[in-house]
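Subject: Structure handover

Hi,

Here is the structure for you to look through. Please open it next to this email and follow along.

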Amino acid sequence: MKFIVSTSTLLKHLQAVQGVINSSSVLPILENFLFDINDKELLVCTTDLNTTMKTTLAIEGKGKARIAVPSKILLETLKSLPDMPITFSFDEATFAIEINTDKGKYKLSGENGEDFPAIPEVSKANDFSLPSSALLNAVSTTLFAVGTDELRQAMTGVKFELEANQMNFVATDAHKLVLHSVKKIAIPETGSFIVPRKALNLLKASLPGDDTLVKVEYNTTNVFFSFKDIHLVCRLIDQKFPDYTAVIPKDNTNQLIISRTELLNSLKRISIYSNKTTYQVRLKLKGSELQISAEDLDFSNQADETLAAEYSGTDIEIGFNARFLIEMLSNLSSAMVRFELSQPSRPGVMHPTEQEENEDTLMLIMPVMLNSYE
């Protein structure tokens, strides 16, 4: 069995799916690419048993074969070759692989493709579609807020919440929360499911930033994303997501509008002087000014800055973890942000003042108890 393909074309497709491969896998065959050859089409598949990616490309060949090809050595070989046609030859009895180019010959050992885990198939699934740019923006905006505590498994993914003509993407680690909504989406049936972090990172790296339609299919165990020549399947997190609506304060009488970059840069400077355990910064709002300060009593470090802002409400002092605020502001692109505050013991809510059409982002951060050092 032989086929011919361009090195650059093959490398591009392999790199699109290689992120699934776990180098410390319990099953050695999972460190391979599955090559499923069907005449003039090559299907490349990778899996870690929870997440599977596959891509198809055109080749010059004839016949059918399934063989597992070592990923690391193949990728390193292709990266070191210029763009040229290469010929793959397979011994279907021994699974030996030979790669021929104008420059030379390379031999490596493959494995029986029939031993590769079965790829999950769509069955009894609901489906909908949305533009790639909207899905990419939603994933990029929420992913940083996903939790890492495996004891709270529901928080280690993003909740996809399907409502009539709207999708909500929700992520939280109990310290911060992001709710991103995409409106005017045709949702045939309401529901929800939780997608793990790894699958979303792979999706984020693969999605084009245009209006390519992404088909999403889901059932009780898996979700399937399909766009262009990429298919991603992942096992859903089978846990109950916390009731995030209960923590979002409704009556926020104190409103602050400020430059996102000015606030971000100020926080980066001030946090240098904060306690390295709590990263606490103090926000003092009064009149048309925002004073940001921090102190590390252990080392007698202290810093404060004053920024001009548009503020309406009563004077208030509230403490936050600077790292969380920096993360939130770094994951927005709006020139200005609006803070909504009620009391020093209640969460702060932040919105970008400019948003994409039919999209809405809300970010929430829990306060920290202020130390009295004045």
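Below is what turned up, starting with the salt bridges.

First, the ground rules. This is a predicted model, where local features need pLDDT of at least 70, side-chain atom pairs count only at pLDDT 80 or more, and totals for chains, interfaces and linings use all residues. Residues are numbered from 1 along each chain as its sequence is written, and side-chain values use heavy atoms, with hydrogens and water left out.

**Salt bridges**

Side chains of opposite charge can pair when their charged atoms come close. A salt bridge here is a side-chain nitrogen of Lys or Arg within 4 Å of a carboxyl oxygen of Asp or Glu. The whole structure holds 11 salt bridges.

Helices (H or I, at least four residues) and strands (E, at least two) are DSSP runs, numbered from the N terminus. Now for accessibility: buried means under 20% relative accessible area, exposed over 50%, and partly exposed in between (1.4 Å probe, protein chains only). Lys198 is partly exposed at 30%. Asp48 is buried at 18%.

Glu114 lies in the loop between strand S10 (111-112) and strand S11 (126-131), and Arg66 in strand S6 (residues 64-70), so the bridge links distant parts of the chain, 48 residues apart. Glu114 is exposed, with a relative accessible area of 55%. Arg66 is partly exposed at 28%. Both also belong to a network of salt bridges that links Asp36, Arg66 and Glu114.

Asp210 is in the loop between H4 and strand S16 (213-218). Lys228 is in the loop between strand S17 (222-227) and strand S18 (230-235), 18 residues from its partner. Asp210 is partly exposed at 32%, while Lys228 is exposed at 60%.

**Ser89**

Ser89 is in strand S7 (residues 85-90). Ser89 is buried, at 14% relative accessibility. What is Ser89 in contact with, leaving aside its neighbours within four places in sequence? Contact means heavy atoms within 4.5 Å. The partners of Ser89 are Met1, Lys2, Ala96, Ile97, Glu98 and Asn100.

Best wishes
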